[in-house]
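Visitor: I am new to this structure and would like to ask some plain questions about it.
Guide: Here it is; ask away.

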Amino acid sequence: MKKELDILEQKFTEITLNSIEIEKRYYHDVLNQSSYQKISKGALLNVRPFETQLAGFKLGKELTKLPKSIKNTHVYYFDHADNVLMIEIYGQTETIIHRQYYFYTDECIESIYFNHGGTLRNITLSTHRDNHIDQLINYATFGYSVSQYVYDHETLVAINVQQKEHGQDMHTNFQVIFEYEDCYLSKIIRQYPNGYEEKRYP
């Protein structure tokens with residue numbers, strides 16, 4: 001874990017030094033590689049398990065064109081193998097666009113998120129084992145988190161999270177619990193060591 005975290009920290013620092021130019025290069029690479037796009041109001045899909053629901057949102061609906069109310073519109077760029085290469089997330093107007101880029105290897109998915117204007121927000125690296133995410137590390141401007149995914153056979157049942165702000169000595173730990181009804185996700189709960197619980201979804 002420490003090795004991957006050190007690599008992400010170094011990469012974050014390097015990109016930050018020249019983020020606008022690097023983001024422009026990523027953007028042009030996606031335009032050259034993309035085979036098709038999809039538009040949605042809200043997130044249309046999860047690249048990683050339940051990432052939209054973990055943020056407290058339901059999946060959105062696919063659209064045929066950009067809506068007049070542009071805020072939170074997502075545009076997905078796919079390659080020929082149906083992998084997401086980039087997601088554009090619109091802000092209040094059509095000129096405010098945040099972009100998240102995805103890079104794939106056999107064992108990892110790396111995503112790099114740039115705010116409107118080209119400033120780097122975070123880098124996320126998920127490692128995979130037996131077609132499931134095993135670990136996810138997120139390194140961001142103000143801190144980082146390390147998440148260990150727990151499964152019951154093929155079903156994700158929990159994520160053990162350790163997070164820390166830059167400059168702090170102590171980590172914060174909590175567990176994310178997934179509950180299902182008839183094989184469909186029904187509830188996500190965040191549990192803290194002191195017994196406090198926070199419902200994250202729905």
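Visitor: In which sense do strand β11 and strand β12 pair?
Guide: This is a predicted model, in which local features need pLDDT of at least 70, side-chain atom pairs count only at pLDDT 80 or more, and totals for chains, interfaces and linings use all residues. Residues are numbered from 1 along each chain as its sequence is written, and side-chain values use heavy atoms, leaving out hydrogens and water. Strands (E, at least two residues) and helices (H or I, at least four) are DSSP runs numbered from the N terminus, and two strands pair if DSSP finds at least two bridges between them. Strand β11 covers residues 172-181 and strand β12 residues 184-191; seven bridges join them, and the sense is antiparallel.

Visitor: Which residue in the hairpin of β11 and β12 takes a positive phi?
Guide: This hairpin has two residues between the strands. A phi near 55° belongs to Asp 182.

Visitor: How many bridges link β12 and β13?
Guide: Strand β13 spans residues 197-201 and runs antiparallel to β12. Ile 188 stands opposite Tyr 201 of β13. The bridges between β12 and β13 number four.

Visitor: Is Gly 195 buried or exposed?
Guide: Gly 195 lies in the loop between β12 and β13, where the turn of five residues gives Gly 195 a positive phi of about 100°. Buried means under 20% relative accessible area, exposed over 50%, and partly exposed in between, with a 1.4 Å probe and protein chains only. Gly 195 has 54% relative accessibility and therefore counts as exposed.

Visitor: What is the relative accessibility of Asn 131?
Guide: Asn 131 sits in the loop between β7 (120-129) and β8 (132-140). Its phi is positive, near 65°, in a residue other than glycine. Asn 131 counts as exposed because its relative accessibility is 79%.

Visitor: How far apart are the end C-alpha atoms of helix α1?
Guide: Helix α1 holds 16 residues, 2-17. The expected span is 1.5 Å times one less than the number of residues, so α1 should span 22 Å. The value in the model agrees, at 23 Å.

Visitor: What arc do the buried residues of α1 cover?
Guide: In α1, Leu 5, Leu 8, Phe 12 and Ile 15 are buried. Their arc, taken from the directions from the helix axis to the C-beta atoms, puts them on the same side of α1, since it is only 95°.

Visitor: Which exposed residues does the other face of α1 carry?
Guide: The face in question is turned away from the buried side of α1. Its exposed residues are Lys 2, Lys 3 and Leu 17.
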